[in-house]
Amino acid sequence: MSTSAVREREDDEELARSPKRTKVEEFTDDVPIVADTSSLMTSVLAAADSEEDSPATPTVESVLPPSHALLGISPTFSSNGLRQVLQTDVGISEYISRDVPPISGIIKQRFTDFLVFEVNQDHQVMHLKSLDIPESSSKKGKGTNEGSSSTAVAEASMAQSQEPGASAESNAAEEGRSELSTGTEVKDTDDSAPGDTGWNDQFTERLTPYLSEASIDQLKTMFLEGREPPRVTDSGWGGRPTKTTGDDAENPDASKPSEEVDVAQNEDTGKRGKNQGGRGGRGGRGGRGRGRGGRQGGEREDHRKILSEPISSKTDRTALHQVVRELFGGKLDSETDMSTPAGDDGSRIVIKWTRHGGGRGGGRGGRGGRGDRSDRGNHPPYIHFTLQKTNRDTQDALGYLSRTLHVNIKDLSVAGTKDKRGVTVQRVSLRRGNRTVEDVWKSANQSNRRSLQDILSQRGDRGVRIADFNYRKAGLELGMLKGNAFVITLRNVQVENLETLDRAMNSIKHKGFINYYGMQRFGTAAVPTHSIGLAILKSDWHKAVSLILQNRPGEHPEVVAARDAWLVDGDLDRALALMPRRVVAERCILESYKKQGGETRNAMGALSTIPRNLRLMYVHAYQSYVWNAIVSERIRIHGPDKAVPGDLVFESEPAAKGGSGENDEMEVDDDAGDQEQATTEGKGMSSRERKKAAKAAYVAPSIKTLTEEDAHQYSIFDVIMPLPGRDVDYPGGTLGERYREFLRLDGLDPDNFIRKQKEYTLNGSYRKMLQVPKDLSWSVLRYTDPDVPLAQADEDKLLGFDPPVVVDDGKFRALQINLTLGTAAYATMALREVTKTETSSHFQTGLTQASEDQQFRGMAAGELNDVDTEMEVSNTLDS
């Protein structure tokens with residue numbers, strides 16, 4: 001009889017914080033009072049007061065921008081002189097529903113209290129489905145198995161892992177796997193028949209504005225036929241013998257089916273033939289069959305194509321390209337018809353299946369005769385997989401994968417960054433080179449030192465697990481997602497009554513929440529990222545470097561030691577030896593100094609060694625800070641209920657939205673990376689070429705400033721606010737002037753965002769002021785032991801770990817929330833609307849430490865009554 005695999009209890013707090021992390025310190029009277037009358041807040045303050053007094057240290061110079069003074073608050077410093085960055089320091093101060101009492105609760109007490117699942121461009125929520133080793137499907141001799149899908153295997157595995165009493169160990173034993181050579185089959189996505197969902201009404205609806213009914217029917221037929229065109233009879237010619245040539249005489253197997261040729265040439269690697277291509281046993285370049293860029297052997301030419309009616313509007317043509325790309329996920333190409341000249345009515349658009357195996361992807365076959373090496377070049381150039389990470393930054397997780405897989409980190413890409421503290425799931429693409437999905441799986445799971453049973457019964461190393469592999473012809477780019485789905489659990493919830501809780505949840509369901517950039521945007525350390533961004537925008541390179549390397553409270557001891565080795569002792573070698581790899585920016589700067597022989601004058605050069613996306617995050621954080629501050633002022637002056645004269649709205653939905661209207665932000669800055677730009681007319685372009693073409697064809701969105709006459713025609717959900725830049729309009733009236741006041745006070749020219757370093761030139765962007773969550777639902781749970789999870793990560797489900805335990809008569813209340821948000825929206829800002837309390841990580845850490853439920857950690861249900869009795873006796877004695 002199999003037993004369920006029981007997971008050992010983990011202490012999230014010990015994993016997340018170093019022993020030296022400081023608790024929440026006393027707050028000065030200048031800090032805005034949080035509308036929280038619960039005993040929980042009192043406990044936090046009491047915990048801070050009870051800390052041992054540390055020796056007085058001089059107050060550090062404020063690292064906040066000068067414009068912080070316009071927020072009307074004073075910086076908050078802890079008792080030891082180190083400052084703590086709060087919500088109000090980054091412009092977060094207002095609420096939609098001030099009339100609803102606060103609901104006290106702790107955010108992210110455990111990692112599994114914050115589950116994030118990426119929503120891809122097909123509106124599919126990403127989950128881990130199978131931990132098994134993938135198996136590349138061969139294109140030769142698969143027969144009926146070629147149509148099999150890994151989805152069924154994955155779903156069966158997931159269902160089995162969730163059955164009571166099913167364990168990973170027993171599953172592995174039953175499968176009888178003794179080698180790492182079998183597992184879930186992975187097909188090239190380019191060879192699959194139509195998409196996972198076939199054709200549905202959404203396809204017809206999205207295409208109707210651009211194609212005629214007849215063209216849509218033809219397109220549907222072509223798509224459902226699949227990539228391979230239907231076979232047409234050859235009237236018997238195919239059975240006639242092939243004329244023998246000199247080359248064929250040399251290779252008598254040339255007329256055999258391709259699979260037989262492959263076997264023959266594996267046996268005799270020194271021969272070369274036209275059908276095989278590649279380099280067979282170093283035997284020169286392949287012939288026309290599979291040479292560089294040629295058609296693969298046996299593949300029929302596809303003459304199918306759909307031609308649109310002439311389209312005069314370039315905007316409509318661009319939108320059609322975008323719709324085709326989004327609906328068919330790159331399986332179909334669209335291009336301007338060049339066979340006939342464009343008339344007065346406009347150009348026609350051609351839609352057809354993408355070419356297969358051209359270019360480098362189907363190039364040289366590698367050295368023949370070495371196992372399956374000849375198959376490696378037959379798959380598309382990218383591998384996509386699902387990543388689950390626990391308590392790791394996205395960049396940190398990618399860095400770990402690059403070291404584990406022995407690839408350049410630039411070969412890994414994602415559609416968006418995810419929260420650190422929590423368990424997040426998202427897709428990742430890898431430029432695979434010569435690697436197969438099996439290679440990647442084995443490297444990621446370190447199969448050279450772990451058995452298959454261990455891999456399928458234990459969590460991934462360092463909080464990272466990858467699964468569900470596919471070959472793809474293109475990599476991921478930032479912005480290629482629709483949003484994120486969340487499962488969030490608030491612990492130790494204290495509320496007057498359940499009616500108040502329902503009022504608060506219904507408020508964000510119908511009225512939404514202020515679409516602030518959350519605290520994650522500004523970092524969790526005492527040196528906020530927007531301060532570094534301001535220094536970069538002012539070309540104050542040395543200050544930017546100084547802020548990055550500066551000491552900050554609560555860091556891991558090894559990071560503190562590394563900083564001190566450089567800042568105090570000036571020992572560059574020791575600092576590099578001690579600095580962990582996960583501390584990316586600091587290591588890059590120190591390594592740059594090392595290459596310059598210890599010279600530190602070239603601060604700009606040192607900064608340039610930091611990964612570009614991280615450098616731009618600093619700059620965008622400053623934009624976000626200004627946006628937050630101005631939005632708070634807008635809410636204070638005009639309220640959150642309706643659009644008013646002077647507000648900005650989109651005059652027409654930007655083309656980048658593809659007509660869906662789902663994205664809440666339209667980036668004008670091509671390099672911002674938070675939102676994908678509209679694709680341009682073209683095909684078969686590389687990522688770099690597409691970006692250049694998009695930049696050349698970019699048309700700024702049309703913005704309207706509301707007046708007294710038309711303000712009533714728009715709702716508060718239409719209102720957008722600009723992030724500072726050279727290509728945006730500012731609101732009318734006092735808010736527009738306030739933007740300029742912030743920028744001038746920080747030493748920036750509001751009319752000049754052009755920089756000598758082009759990557760720091762800000763074009764600007766627009767963002768919806770309010771956000772309404774989708775698919776919002778909530779439930780109240782009871783628990784006693786705070787260490788018992790109330791939600792389960794995908795990996796734990798697949799490993800057969802115990803499911804979440806809910807105790808009906810538990811001592812404490814938890815609120816579990818399910819919701820989906822669009823891109824660039826922060827779930828913590830939705831929670832803030834409910835709890836009306838500080839969301840910074842150091843404050844939430846203090847709430848956890850002071851929470852009443854902490855004294856029940858690891859306590860069995862039978863012990864609870866004894867504790868209650870002791871507490872009652874103690875209370876009686878005290879009274």
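1. Two strands are said to pair if DSSP finds at least two bridges between them. Strands (E, at least two residues) and helices (H or I, at least four) are DSSP runs, numbered from the N terminus. By that rule, strand S5 and strand S7 (residues 349–353) are joined by two bridges and run antiparallel. Ile 306 stands opposite Ile 351 in S7.

2. The model is predicted: local features need pLDDT of at least 70 and side-chain atom pairs count only at pLDDT 80 or more, while totals for chains, interfaces and linings use all residues. Residues are numbered from 1 along each chain as its sequence is written, and side-chain values use heavy atoms, with hydrogens and water left out.

3. The open sheet has three strands in the order S5-S7-S6, with antiparallel pairing. Its edge strands, S5 (306–307) and S6 (332–336), each pair on one side only. Helix H9 (residues 314–328) packs on the sheet and touches S6 and S7, contact meaning heavy atoms within 4.5 Å. The direction of H9 makes about 170 degrees with that of S6; axes are lines fitted to C-alpha atoms, for helices over the stretch in contact, and angles run from 0 to 180 degrees between N-to-C directions.

4. Helix H14 (residues 529–537) and helix H15 (residues 541–549) have axes that come within 7 Å and cross at roughly 160 degrees. The two helices are therefore roughly antiparallel to each other (angles over 145 degrees count as such). The residues in contact include Ile 532 and Ala 535 of H14, and Trp 541 and Leu 547 of H15.

Key. Parallel < 35°, antiparallel > 145°, perpendicular 65-115°, else oblique.
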